[in-house]
Amino acid sequence: MAQSSLIHKERVVSEWVDYNGHMNDAAYAKVFSQAADSFIDSLGLDETARSRCNYTIFTLETHLCYLKEVHEHEKLSIEFRLLDSDAKRLHTFLSMTNSAEELVATSEQMWMGMDTAKGKPAPFPQAVGETIEELSVLHKELPMPKQAGRRIGF
């Protein structure tokens, strides 16, 4: 069975630890954002390609789930999973684990491909679209993550 893809590793720095003694909620978002950037680069949209193609990817929506406290100096790994896609959008799921391989947080996100010259949504460049299609095939067999599709409520 296909696996999600490791895209980012990080270590919790002291600046991210709050008055409760664990990583602040904003720091989780920062790590997930850095992981998303790493993934976007791996699609073939690094800084040079974004400039050359006048194309980038924006985050439209995100939903974070905090599952376990993370403390200073802990090593974190972020894995990426593609839940769905079309010509210009990606529905993604990022999982954060600690060095004990415990799931500590998740981030479900909707991304939109953007033509930066026009400032409007646009289909992915051909090579990027082909890479996304390959990922779609690899990830479609995986079960839906428990935290995916959740809504806030009592």
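Student: How many helices and strands does the secondary structure of the protein chain come to?

Tutor: This is a predicted model, in which local features need pLDDT of at least 70, side-chain atom pairs count only at pLDDT 80 or more, and totals for chains, interfaces and linings use all residues. Residues are numbered from 1 along each chain as its sequence is written, and side-chain values use heavy atoms, with hydrogens and water left out. Helices (H or I, at least four residues) and strands (E, at least two) are DSSP runs, numbered from the N terminus. From that terminus the order is β-α-α-β-β-β-β-β-α, and the count is three helices and six strands.

Student: What percentage of the 154 residues count as buried?

Tutor: Buried means under 20% relative accessible area, exposed over 50%, and partly exposed in between (1.4 Å probe, protein chains only). Of the 154 residues of the protein chain, the buried share is 40%.

Student: Where does Asp-18 lie?

Tutor: Leaving aside neighbours within four places in sequence, Asp-18 is in contact (heavy atoms within 4.5 Å) with Met-23 and Asn-24. Asp-18 itself lies in the loop between β1 (5-11) and α1 (25-42).

Student: Which side chain of opposite charge is nearest to Asp-18?

Tutor: Lys and Arg count as positive and Asp and Glu as negative, while His and the chain ends are not counted. Asp-18 is buried yet has no salt bridge, that is, a side-chain nitrogen of Lys or Arg within 4 Å of a carboxyl oxygen of Asp or Glu. The nearest such side chain is 16 Å away and belongs to Lys-68.
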